[in-house]
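Have a look at the fold, and then go through the points below by topic.

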Amino acid sequence: MQIVLGIGTTILAILLSVWLAYKYAKSYVDSTHFVCPYCQTAFKLSKLDFMFALKTGVQNERIVTCPYCGCRGKMTLFND
């Protein structure tokens with residue numbers, strides 16, 4: 001019985017973590033955008049792309065790829 005309770009608790013914790021990560025990404029994606037330093041085009045990432053975008057160590061900066069010109073590099077998040 002304890003094994004079933006342990007597995008159930010673990011599954012609940014994993015589902016809660018995934019749900020919180022989704023809500024976090026959704027709040028950021030809905031309220032921010034990136035501007036490409038080369039073509040000056042503003043764009044938004046999908047939730048999945050935002051969750052896996054590499055951080056640079058600088059606040060509000062990620063390593064992303066511009067969907068318009070293909071430039072990959074450090075880009076700053078701007079609030080909408």
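Let's begin with D30, which is partly exposed, with a relative accessible area of 44%. Please keep in mind that this is a predicted model.

**Salt bridges**

- D30 pairs with K26 in a salt bridge whose closest N and O atoms are 2.9 Å apart.
- Both D30 and K26 belong to helix 1, where they are four residues apart, about one turn of the helix.
- K26, like D30, falls in the partly exposed class: K26 has a relative accessible area of 31%, and D30 has 44%.
- The count of salt bridges comes to two, and the other links the side chains of K44 and D80, at 2.6 Å from N to O.
- K44 sits in the loop between strand 2 and helix 2 (47–52), while D80 sits in the segment after strand 5, so this pair ties together parts that are 36 residues apart in sequence.
- K44 is partly exposed at 43% relative accessibility, whereas D80 is exposed, with a relative accessible area of 57%.

- Five strands make an open sheet in the order 2-1-5-4-3, and their pairing is antiparallel.
- Strand 2 and strand 3 (54–55) are at the edges with a single partner strand each, so one side of each has no neighbour in the sheet.
- Strand 1 (residues 32–35) pairs with strand 5 (residues 72–79) over three bridges in the antiparallel sense, and here H33 faces F78 of strand 5.
- Strand 1 also pairs with strand 2 (residues 42–43), again antiparallel, over two bridges, with F34 opposite F43 of strand 2.
- The hairpin of strand 1 and strand 2 has six residues between the strands, and Q40 in this hairpin adopts a positive phi near 60°.

**Helix 1 and its surface**

- Helix 1 (residues 2–31) lies across strand 1, strand 4 and strand 5, and runs at about 60° to strand 1.
- Which residues form a nonpolar patch on the surface? They are I3, I7, I11 and L15, and together they have about 420 Å² of accessible area.
- I11, one of these patch residues, is in helix 1 and counts as partly exposed at 46% relative accessibility.

Notes: Residues numbered from 1 in each chain as written. Predicted model: local features only at pLDDT ≥ 70, side-chain atom pairs only at ≥ 80, totals over all residues. Heavy atoms only, no water. Pairing = 2+ DSSP bridges. Contact = heavy atoms within 4.5 Å. Axes fitted to C-alpha atoms, helices over the stretch in contact; angles between N-to-C directions. Patch = residues over 30% accessible without salt bridge, like charges linked within 9 Å, V, L, I, M, F, W, Y side chains within 5 Å. Areas by Shrake-Rupley, 256 points an atom, 1.4 Å probe, with all protein chains shown as cover. Salt bridge = Lys/Arg side-chain N within 4 Å of Asp/Glu carboxyl O. Buried < 20%, exposed > 50% of the residue type's maximum accessible area, 1.4 Å probe, protein only.
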